[in-house]
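Have the viewer open as you read.

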Amino acid sequence: MRNIAITPSNSRLEGLIPGKELQQIVGASVARWNQALEHCCNVRLSVRPAESKWLATEDGVNLVVIRQGLWCHNESCGHTSTFPPNSLAMTTAYPDGATGVQVREADVEVNPRMLHALPIASLPVGPALQARATESGLWVFGPPDTNYPVPLEAVLVHELGHVLGLGDACTRVREVGGLPLVVDCPADQRERVMFPDA
């Protein structure tokens, strides 16, 4: 059985999210993947104790970090960047550009500009999403006035799919800034965990 250990970063979280809550949300995301992998694969995810690391680099640690600084703004990284300014999070796989079984390590970086704590009652959505927000805590992504808040847990489930070596569903082309173009995706593809705008 191959174990992939995920390490939350407790560095530079002040004013964003309590470290203990981030650890719990990472744990819930890992549990969702382990449930899905239980009968099909010889791999499991686990959560290590939080560390004060914050640099996403090839160092043998699969890090989940909320990136307070060094996020590419104003599309200054160019069209090949994986740091689009309006993305919720990104995953860098190592060796550089690896996919599938070639992934030996991966770091998940969360965009703090899109991280907001909203009271569940104020979410402009129906009861189903409010129930999911309750499961995942109050921390949701999106601009402050968004009509489509997303629980942090859902974002991490998607990004952990990249740690497992999965690519985005239904994306062959990316626009300037790195955001995927998904306009031609059929409805069934839009429901997949690895659909980038799910």
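What follows goes from the overall layout to one helix, and then to the charged side chains.

## Ground rules

This is a predicted model, so local features are reported only at pLDDT of at least 70 and side-chain atom pairs only at pLDDT 80 or more, while totals for chains, interfaces and linings use all residues. Residue numbers start from 1 along each chain as its sequence is written, and side-chain values use heavy atoms, with hydrogens and water left out.

## Overall layout

The protein comes to 3 helices and 8 strands. Both kinds of element are DSSP runs numbered from the N terminus: helices are H or I with at least four residues, strands are E with at least two. Going along the sequence, the order reads β-α-β-β-β-β-β-α-β-β-α.

Of the 198 residues, 45% count as buried. Buried here means under 20% relative accessible area, exposed means over 50%, and partly exposed is what falls in between (1.4 Å probe, protein chains only). As for contacts (heavy atoms within 4.5 Å), take those between residues at least 6 apart in sequence: 62% of them join residues at least 24 apart.

## Helix H3 and what comes after

Helix H3 covers 152-163.

H3 is mostly covered, with 11 of its 12 residues buried. Among them are Leu152, Val155, Leu156, His158 and His162. Just after the helix, Gly165 takes a positive phi of about 100°.

Asp168 sits in the segment after H3. Its side chain makes a polar contact of 3.0 Å with the side chain of His158, and another polar contact, at 3.1 Å, joins the side chains of Asp168 and His162. A polar contact is a pair of N or O atoms within 3.5 Å; within protein, one must be able to donate a hydrogen and the other to accept it, and residues adjacent in sequence count only if both atoms are side-chain atoms. For background, an α-helix has 3.6 residues a turn, so residues three or four places apart point the same way.

## Salt bridges

How many salt bridges does the structure hold? The count is 3, where a salt bridge is a side-chain nitrogen of Lys or Arg within 4 Å of a carboxyl oxygen of Asp or Glu.

One of them pairs Arg32 with Glu153 at 2.2 Å, N to O. Arg32 belongs to helix H1 (residues 19-37) and Glu153 to H3, so this pair ties together parts that are 121 residues apart in sequence. Glu153 is buried at 5% relative accessible area, whereas Arg32 is partly exposed at 41%.

Glu51 and Arg48 also meet in a salt bridge, at 3.5 Å. Glu51 is partly exposed at 22%, and Arg48 is partly exposed at 36%. Asp59 bridges to Lys53, with the closest N and O atoms 3.1 Å apart. Here Asp59 is partly exposed at 33% and Lys53 is partly exposed at 28%.

## A charge over a ring

Arg12 lies over the face of Trp54, at 3.7 Å from the ring centre. The rule asks for NZ of Lys or CZ of Arg within 6 Å of the ring centre and within 35 degrees of the ring normal.
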